[in-house]
Amino acid sequence: MALRSAQVTVAAQDGQALRAPDPVASAPLAVRGVTVSYGEKPAVFSVDATFPAGAMTAIIGPNGAGKSTLLKAALGVIPRLSGEVSVFGQPIETARARIAYVPQRASVDWDFPASVIDVVLMGLYRRIGLLGRLTGAQRAKANACLARVGMSDFADRQIGQLSGGQQQRVFLARALAQDADLYLLDEPFAGVDAATERAIIDVLKSLKADGKAVVCVHHDLATVATYFDHVFLINVRKIAEGPVATTFTGANLNATYGGRLAATHIDQLALADPA
């Protein structure tokens, strides 16, 4: 199944079909028909999603809904049974240099003998190669990324000696060093302290202000309306996607969580008005 062409018909004039840019072709990240299975039961089934430019998007759903699986499948970290992925209209295989990825902390070997600055410098290796020589300017850039996440004083510390929130900040600094156009983060706020959460969201909002696209697997429904512009709801299949203002509704949450959210909890959320 091929992704749609770069244009779609929008009107006709003088017998000629007028064309407008296809949002899929220009989207920072678009997936079509993605299916992933860890056995006979699919973890993600025939999912289409389009993540817009200059926005912060939350991927939300219950545990086991396929949130992280969808992100990893899009990146090629895990294999897809079917489906296609494009980044800014190009196959992801040819556009990886435009992507920065922050994995879940639980998936990282924190005993690896690397210092904080070493981890941030890893964000530059795609450009200089594993055997390339780092310049003073590149080291200065890595230090600037650490300063941006408030971790300058920890540059020489071994990563395993950091708290969970500090570790998350370091991996965000590594992503910043990549100068990407698309930032994918897998539960960046999970298990971090309040100060780290504020620091991370401030950085992500600054990326959005610079025209970057940010996509986060997110679990805290109470902060969706505050942190994000766009939302993608999933429970193995796509439930809904669109601006938070029109998509983050009680009806869509009930459909996503299968009625497992108490009505009182839904009432407490800053939900969109279905009207």
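This is a predicted model: local features need pLDDT of at least 70, side-chain atom pairs count only at pLDDT 80 or more; totals for chains, interfaces and linings use all residues.

Trainee: Which strands form the open sheet with antiparallel pairing, and in what order?

Mentor: Four strands form that sheet, in the order β4-β3-β6-β7.

Trainee: Why are β4 and β7 called edge strands?

Mentor: Strand β4 (42–51) and strand β7 (90–91) each pair on one side only.

Trainee: How do you know that β3 and β4 are paired?

Mentor: Two strands pair if there are at least two bridges between them. Six bridges join β3, residues 29–37, to β4, and the two run antiparallel; the pair therefore meets the requirement of at least two. Within this region, V36 stands opposite V44 in β4.

Trainee: Why is T35 called buried?

Mentor: Buried means under 20% relative accessible area. T35 has a relative accessible area of 10%, and is therefore buried. T35 belongs to strand β3. Apart from neighbours within four places in sequence, T35 is in contact with P42, V44, F45, S46, R80, L81 and S82.

Trainee: What is the strand order of the open sheet with mixed pairing?

Mentor: That sheet has six strands, in the order β8-β9-β10-β5-β11-β12. Strands β8 and β12 (237–243) stand at its edges; each has a single partner strand, so one side of each is without a neighbour in the sheet. From one strand to the next, the twist averages 15°.

Trainee: What makes β9 and β10 a pair?

Mentor: Five bridges join β9 to β10, and the two strands run parallel. As pairing asks for at least two bridges, β9 and β10 therefore qualify. D186 stands opposite V217 in β10.

Trainee: How many bridges does β5 form with β10, and how many with β11?

Mentor: Strand β5 pairs with β10 over four bridges, in the parallel sense. Strand β5 pairs with β11 over four bridges as well, again in the parallel sense. I59 has V217 as its bridge partner in β10, while T57 has H230 as its bridge partner in β11.

Trainee: Why is β5 described as largely enclosed?

Mentor: Five of the five residues of β5 are buried, so the strand is largely enclosed by the rest of the structure. M56, A58 and I60 point one way from β5, whereas T57 and I59 point the other way, and all are buried. Helix α10, residues 250–257, lies across β5, β11 and β12, and runs at about 30° to β11.

Trainee: Why is the contact between R98 and D181 called a salt bridge?

Mentor: The term requires a side-chain nitrogen of Lys or Arg within 4 Å of a carboxyl oxygen of Asp or Glu. The N to O distance for R98 and D181 is 2.9 Å, so the pair is a salt bridge. The pair links distant parts of the chain: R98 is in the loop between β7 and β8 (99–102), D181 is in the loop between α6 (164–177) and β9 (182–186), and they are 83 residues apart.

Trainee: Why is R98 called partly exposed?

Mentor: Partly exposed lies between buried, under 20%, and exposed, over 50%. R98 is at 34% relative accessibility, and therefore counts as partly exposed. D181, with a relative accessible area of 24%, is partly exposed too.

Trainee: What is the N to O distance in the salt bridge between K212 and D181?

Mentor: The distance is 3.4 Å. K212 lies in the loop between α7 (194–209) and β10 (213–217), and D181 in the loop between α6 and β9, so the pair ties together parts that are 31 residues apart in sequence.

Trainee: How many disulfides are counted?

Mentor: The count comes to zero disulfides. As for two cysteines, C145 is buried, at 8% relative accessible area, and C216 is buried, at 0%.

Note on methods:
Residues are numbered from 1 along each chain as its sequence is written. Side-chain values use heavy atoms; hydrogens and water are left out. Buried means under 20% relative accessible area, exposed over 50%, partly exposed in between (1.4 Å probe, protein chains only). Contact means heavy atoms within 4.5 Å. A disulfide is a pair of cysteine sulfur atoms within 2.5 Å. Axes are lines fitted to C-alpha atoms, for helices over the stretch in contact, and angles run from 0 to 180 degrees between N-to-C directions.
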